[in-house]
Amino acid sequence: MSDVTQSADTPGRPEGAAVVVGGGLAGITAALALADAGVRVTLLEGRPRLGGLAFSFQRGDLTVDNGQHVYLRCCTAYRWFLDRVDATSLAPLQDRLDVPVLDAEGKPGRRLGRLGRTALPVPLHLARSLATYPHLSLAERAKVGRAALALKGLDLADPALDAQNFGSWLAEHGQSRRAVEALWDLVGVATLNAVAQDASLGLAAMVFKTGLLSDPGAADIGWARVPLGELHDTLARKALDSAGVRTEVRTRVTSISLNENGRWDVQVPGERIEADTVVLAVPQRETHDLLPEGALDAPERLLEIGTAPILNVHVVYDRKVLDKPFFAALGSPVQWVFDRTEASGLREGQYVALSQSAAQEEIDTPVADLRERYLPELERLLPATRGAGVKDFFVTRERTATFAPTPGVGRLRPGARTKAPGLYLAGAWTATGWPATMEGAVRSGVSAAGAALGALGRPRDHLLGVFEEAA
């Protein structure tokens, strides 16, 4: 193919053209935030769709999400994103936190517990739920309360927290193995994608302080009632188009470099795009390979940021087996189970999806073995599945679903700015202060766009509310 040079500038606007590399949530956010300030933006994505690792695909008549994704009321940046792409009504929040927790090994009458909140101020908002939680003893509940208060007192700005592991901290604060399983890991594994022993205390403290100990409604759960692709691809593309962003999918960037004019050349097959600003919103290894020399002091640190897998098990039954939108499980390898029937378009029977985080030991297990393991577990948890016909059973695997939130990872995560003028980084793996969540991805896109707009002398007023809420 011939080499075609295209400028991303508009006539009469000599500075302000930007290229965003990567069409996940971080890249979409950065592109929208830049375009909303009048920058002409080109968004390049190697996949045939937008949305990164939060996407949908077709399986026969079913529309399947690759994995179950939820957000919390405290996820103000992702809520801004939903509003920006006109999707808020499609991913509503609970009126009030309510998590059914089912213990497969619990005694009759005590198998089902609930984690919820009242409207009382923090930390009293959780007191009733903890006092009646059947999966912990009275002594364990009291010790959980004391540990929560100690956690609330930690200074998230203290870098020493990053070097410690959460499991050891919990043990030092009197948390039994059962308390870790039935409460701390119940929440932590789903949000951090790691068990307590493998997680940075800094990231774990951030999750629990922000989600459970900051505001009574902070942990209210929201999730998409439609396929994720409708939010992160269809509606996101519509918003990008309306903002004037040129969006190209199936377009993989092969190199970026500064040219003789001091601008960036972004090379894709058959085309070279020139811009003042480049935002790399791709995974850390891809970022490492694209970074020009000198952009970071220690680019090899990007390769030290590990990854963690998530396995999703999908089961379609010939009848209704679950009367709740979701539940968490104890005493079973099953972690969280979600009803995906309506969102998938299924008209008969019920479709449930199991979200299995920190799935290092199972991520490569054959489907037949997973079927033998999980169908009996669902029968233990949900008696209605006994005798129900299984119309479909399949799995989706994200081997590098998130960065691994291991102790010490904080020092490896770079900020949005690089040493190369006009080059910025975005992605949930950058230094957002959050674990690898949709919220972290959107925050990173806002940070990268804000830094770029500051350097370009462009207005950032439209981002001030996001930064204030997300602080």
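Here is a short walk through this structure, from the whole chain to one strand residue and then to a pocket.

Keep in mind that the model is predicted. Over residues 1-5 pLDDT stays under 50, and the model has 11 contacts beyond four places in sequence for them. Residues 9-14 also stay under 50, with 11 such contacts in the model.

Next comes the annotated region. The unreviewed UniProt entry places the feature "domain: Amine oxidase" at residues 25-452. Over residues 25-452 the chain is 32% helix and 22% strand, and the C-alpha atoms at the ends lie 17 Å apart.

Now zoom in on Val266, which sits in strand S12 (residues 264-268). Val266 counts as buried because its relative accessibility is 0%. Beyond its neighbours within four places in sequence, Val266 is in contact with several residues, among them Val19, Leu44, Val253, Ile256 and Val278. Val21 is 245 residues away from Val266 in sequence, yet their C-alpha atoms are 9.1 Å apart in space.

Finally, let us visit the second largest pocket, which holds about 580 Å³ of space. Its lining has 23 residues, and Val189, Val195, Ser332, Pro333 and Gln335 are the closest to the centre. Helix H7 (177-192), strand S16 (326-330) and strand S18 (350-357) each supply at least two lining residues, and H7 gives the most, with seven. By residue type, the lining of this pocket divides into 13 nonpolar, five polar and five charged residues.

Notes. Residues numbered from 1 in each chain as written. Predicted model: local features only at pLDDT ≥ 70, side-chain atom pairs only at ≥ 80, totals over all residues. Heavy atoms only, no water. UniProt positions renumbered as here; feature names shortened; annotations may be inferred. Helix = DSSP H or I, 4+ residues; strand = E, 2+ residues; numbered from the N terminus. pLDDT = per-residue confidence, 0-100. Contact = heavy atoms within 4.5 Å. Buried < 20%, exposed > 50% of the residue type's maximum accessible area, 1.4 Å probe, protein only. 1 Å grid on protein atoms, 1.4 Å probe; cavity = no way out; pocket = protein on both sides within 12 Å on 5 of 7 lines; lining within 4 Å. Points joined across faces, edges and corners; volume = space filled by probe spheres on them. Nonpolar A, V, L, I, M, F, W, Y, C, P; charged D, E, K, R; others polar.
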